[in-house]
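Open your viewer and keep the selection tool ready. We will go from stop to stop, and each stop tells you what to select.

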Amino acid sequence: MQLVLTVLEIVAPVFLLAAIGFSWVKLGYEYRIQFITRLAMTLSVPALIFTALMKTNIEPAALTTMTLASLCAYAVVTILSFLLVRITRLHAGTYLAPIIFGNTGNLGLPLALFAFGEEGLGYAVVVFAVMGILSFTFGVWLVSGGGSILKVLKEPLVGATLLGALFLWQGWQTPRFLTNTLDLVAQLAIPMMLLTLGVAMARLHPARLGRAVWLSLAKAAICVAGAWGVGIYFALPPIPFAVLVVQIATPVAVTSYLLAEKYGADSDAVAGLVVVSTLLSVGTLPLTLAFVI
């Protein structure tokens with residue numbers, strides 16, 4: 001019961017802020033998605049990624065093991081997700097990245113903290129860092145339909161992730177005045193993303209929700225199975241094992257919608273996946289935690 005309440009406390013703000021965005025559009029107010037998306041993806045989200053990575057602490061040996069395990073887990077999930085998309089004949093540019101990458105930041109990090117304490121949070125940030133690098137390089141490449149990888153590497157999100165990982169590795173910190181500024185900018189990210197998600201929901205066709213339900217369930221099964229197998233292979237201790245499984249199994253992130261909107265994929269379909277998978281996570285995440293604890 002406590003785990004269910006914890007997940008509810010975390011996901012409730014997601015739906016409340018999305019509801020504000022939904023109501024905003026339904027009331028006829030103007031909302032310029034292109035401007036908000038550009039502001040979020042080039043300024044606030046990179047600041048959020050960098051500061052989250054810079055502020056965490058973890059032992060070098062544990063960092064190496066967890067990093068390798070995370071990379072392997074995402075490799076396994078990518079293969080299984082590709083097979084799912086190929087068999088069901090879905091559009092890879094729209095569905096593949098959201099199935100692979102979850103909400104390891106604003107959902108996975110607080111869940112790890114509440115469930116496993118500061119130690120769990122440290123491991124969760126490592127998975128978040130790996131996901132960030134993969135999502136904003138390989139993931140962006142998938143959503144944008146291929147092209148030059150050099151173009152992808154120029155994304156502010158990628159630079160922020162790599163720089164944050166460097167600061168994490170070296171134990172560096174920015175001057176306090178700069179850290180405070182970056183924190184303020186980073187605080188814009190989640191509200192803007194969630195409001196934009198609500199705007200997308202206002203334009204979502206109800207027929208897409210059936211597909212979103214079974215894809216969300218398939219994503220949860222693929223991610224749990226892939227992370228579980230990798231955790232056993234690496235013989236991870238209980239806490240990092242549990243954190244790896246839970247982080248990989250988090251629902252589709254709001255950033256997946258923003259990337260779809262930016263690169264011309266089916267953003268309405270991705271928005272449906274974000275909402276449905278997050279709603280289902282109220283049940284799937286506590287169930288996952290019950291098995292790994």
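Select R32. R32 is exposed, because its relative accessible area is 57% and the cut-off for exposed is over 50%. The model you are looking at is predicted. E30 forms a salt bridge with R32. Their closest N and O atoms are 2.7 Å apart. How does E30 count, buried or exposed? E30 counts as exposed, at 56% relative accessibility.

**The other salt bridge**

The structure holds 2 salt bridges. For another one, select K55 and D183. K55 forms a salt bridge with D183, and the closest N and O atoms are 2.8 Å apart. This pair links distant parts of the chain, 128 residues apart. K55 sits in the loop between α2 and α3. D183 sits in helix α8. Check their surroundings too. K55 counts as partly exposed, at 42% relative accessibility. D183 counts as buried, at 18%, because buried means under 20%.

**Helix α8**

Now turn the view until you look down the axis of α8.

Now look for aromatic side chains. A search of the whole structure finds 7 aromatic pairs. Select F138 and W141 for one of them. The ring centres are 6.3 Å apart and the planes meet at 20 degrees, so the pair is stacked. Where do F138 and W141 lie? Both lie in helix α5, which covers residues 108-143. They are 3 residues apart, about one turn of the helix. F138 counts as partly exposed, at 31% relative accessibility. W141 counts as partly exposed as well, at 32%.

**Y233 and F234**

Move on to Y233 and F234. These form an aromatic pair that is edge-to-face. The distance is 5.5 Å centre to centre, with 80 degrees between the planes. Y233 is exposed, with a relative accessible area of 70%. F234 counts as partly exposed, at 23%.

**A ring cluster**

Select F50, F167 and W172 together. What do these three form? F50, F167 and W172 form one aromatic cluster.

**A nonpolar patch**

Select V76, I79, L80, F82, L83 and I87. Together they make a nonpolar surface patch of about 540 Å². Pick out F82 within the patch. F82 has its place in helix α3, residues 60-88.

Conventions: Residues numbered from 1 in each chain as written. Heavy atoms only, no water. Patch = residues over 30% accessible without salt bridge, like charges linked within 9 Å, V, L, I, M, F, W, Y side chains within 5 Å. Areas by Shrake-Rupley, 256 points an atom, 1.4 Å probe, with all protein chains shown as cover. Salt bridge = Lys/Arg side-chain N within 4 Å of Asp/Glu carboxyl O. Helix = DSSP H or I, 4+ residues; strand = E, 2+ residues; numbered from the N terminus. Buried < 20%, exposed > 50% of the residue type's maximum accessible area, 1.4 Å probe, protein only. Phe/Tyr/Trp six-rings, centres within 6.5 Å; stacked < 30°, edge-to-face > 60°.
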